[in-house]
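Please look over the sequence and the model shown here before reading the report.

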Amino acid sequence: MQNGVPLDVSVLICAYTEKRWDDLVAAVVSVQQQRRLPKAIILVIDHNPALFTRAQSRFQDVTVLENREAKGLSGARNTGVAAAHQPLIAFLDDDAVAEPDWLEWLSHPLDDARVLGSGGRVEPNWETGRPAWFPEEFDWVVGCTHKGTPTQTGEVRNPIGSSMCIRRQVFEVVGGFRSEIGRIGTLPLGCEETELSIRARQQWPQGKFIYEPRSRVHHHVPAARIRWSYFQARCYAEGISKAIVSRLVGANDGLSSERTHAFKTLPNAVWENIRAVFVQRDVRYFSRAVAIVAGLAFATLGYVRGSLAARSNNSPAPTLQSIETA
């Protein structure tokens, strides 16, 4: 049974494929079973009429909408934001399940008027178990909180999009998620929440985003996303996304967190894994060290490719088409 009055929050979930139907149902139900309920749950279907009809039939107490903007996660989120009337908008991925106190903890930091938004901890729920070679420092590849993220409540540059809460005022003043970035179906681009958070901080220099690890969700990681080919593609796409973000908001803000991760967290992780090979006599640590180096290399290559594409097209941000044909 839920306790207390509903929170003045709209929860927004976006979905694009019927292949995740069971995950979507679990995500919506987890919100409906929160200890402190939101005032509204909004489900946006991204250009999939069959899924829209099915969702309308299944979710009677949920506002189900069709994406009215360009196809992709950014457009779907913007459609949901436009329909939200509460002062706070929480975002949950369609393949993530929230713990019962997720929303209460997630919205708590926004009691402080200086806080523009918050993010929670996203834990991987591996369909077939974590691969021995997959380093925790790269859990962001599967949309989860990676090793190197603060372990205590504190300020961060941006939250993870699969579990975050942002003031509606932010969207009213700085606009919505940019369609130039963000996932489109299975295309593994991203960083739309990063760019939005930076834009908000540039508008309100005294504002901040807070990471609240007590707010937790469990993110489904299917077997297809633990393949080496996906790891490579996702890292490369992340580099491209960061190139776009840097062109839009400036490299200083766009790469502030990445510099620390690339020049401190990852080198330390490589050394720790190599050391563990000899101390624990386990060669699996060597494969993790190799994955860390490779992941950074793929991301760097993507960033260079994205930056060159933007320059060759003389545009503030490269489009996906310009990157694919550059």
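The report below goes from the whole chain to single residues.

## Basis and confidence

This is a predicted model, in which local features need pLDDT of at least 70 and side-chain atom pairs count only at pLDDT 80 or more, while totals for chains, interfaces and linings use all residues. Residues are numbered from 1 along each chain as its sequence is written, and side-chain values use heavy atoms, with hydrogens and water left out.

The term pLDDT stands for the predictor's confidence in each residue, from 0 to 100. Its mean over the chain is 88, and 87% of the residues reach 70 or more. Over residues 315-326 the value stays under 50. For that stretch the model has 24 contacts beyond four places in sequence, a contact being heavy atoms within 4.5 Å. Where pLDDT is low, the predicted coordinates should not be read in detail.

## The chain as a whole

The chain has 11 helices and nine strands. These are DSSP runs numbered from the N terminus: helices are H or I with at least four residues, and strands are E with at least two. Of the 326 residues, 55% count as buried. Buried means under 20% relative accessible area, exposed means over 50%, and partly exposed lies in between (1.4 Å probe, protein chains only).

The chain exposes about 15,100 Å², of which carbon and sulfur atoms supply 52%. Such areas come from the Shrake-Rupley method with a 1.4 Å probe, and for residues only the protein chains shown count as cover. Among contacts between residues at least 6 apart in sequence, 75% join residues at least 24 apart.

## Nonpolar cores

A nonpolar core is a set of buried Ala, Val, Leu, Ile, Met, Phe, Trp, Tyr and Cys residues joined through side-chain atoms within 4.5 Å. The largest one has 55 residues, and Leu43 and Trp102 have the most contacts inside it. Helix H1 gives this core its largest share, six residues. A second, separate core has 22 residues, including Leu12, Leu65, Val156 and Phe177.

Helix H3 (residues 73-83) is mostly covered, with eight of its 11 residues buried. Among the buried ones are Ser74, Arg77, Asn78 and Val81.

Helix H7 runs over residues 228-249. Its 22 residues reach 31 Å from first C-alpha to last, close to the 32 Å expected; the expected span is 1.5 Å times one less than the number of residues. Just after H7, Gly250 takes a positive phi of about 100 degrees.

Gln34 lies in the loop between helix H1 (21-32) and strand S2 (38-45). Is Gln34 buried or exposed? Gln34 counts as buried because its relative accessibility is 0%. The side chain of Gln34 reaches the backbone nitrogen of Trp102 at 3.2 Å, and one of its polar atoms lies 2.9 Å from the backbone nitrogen of Leu103. Gln34 and Glu104 are 70 residues apart in sequence, with their C-alpha atoms 8.2 Å apart in space.

Glu212 is in strand S9 (residues 208-221) and, at 1% relative accessibility, counts as buried. Its contacts beyond four places in sequence include Trp105, Arg121 and Thr153. Leu266, in helix H9 (residues 256-279), is also counted as buried, at 3% relative accessibility. The C-alpha atoms of Leu266 and Lys147 are separated by 9.6 Å, although these residues are 119 apart along the chain.

Definitions and conventions: Polar contact = N/O pair within 3.5 Å; in protein donor to acceptor, adjacent residues only side chain to side chain.
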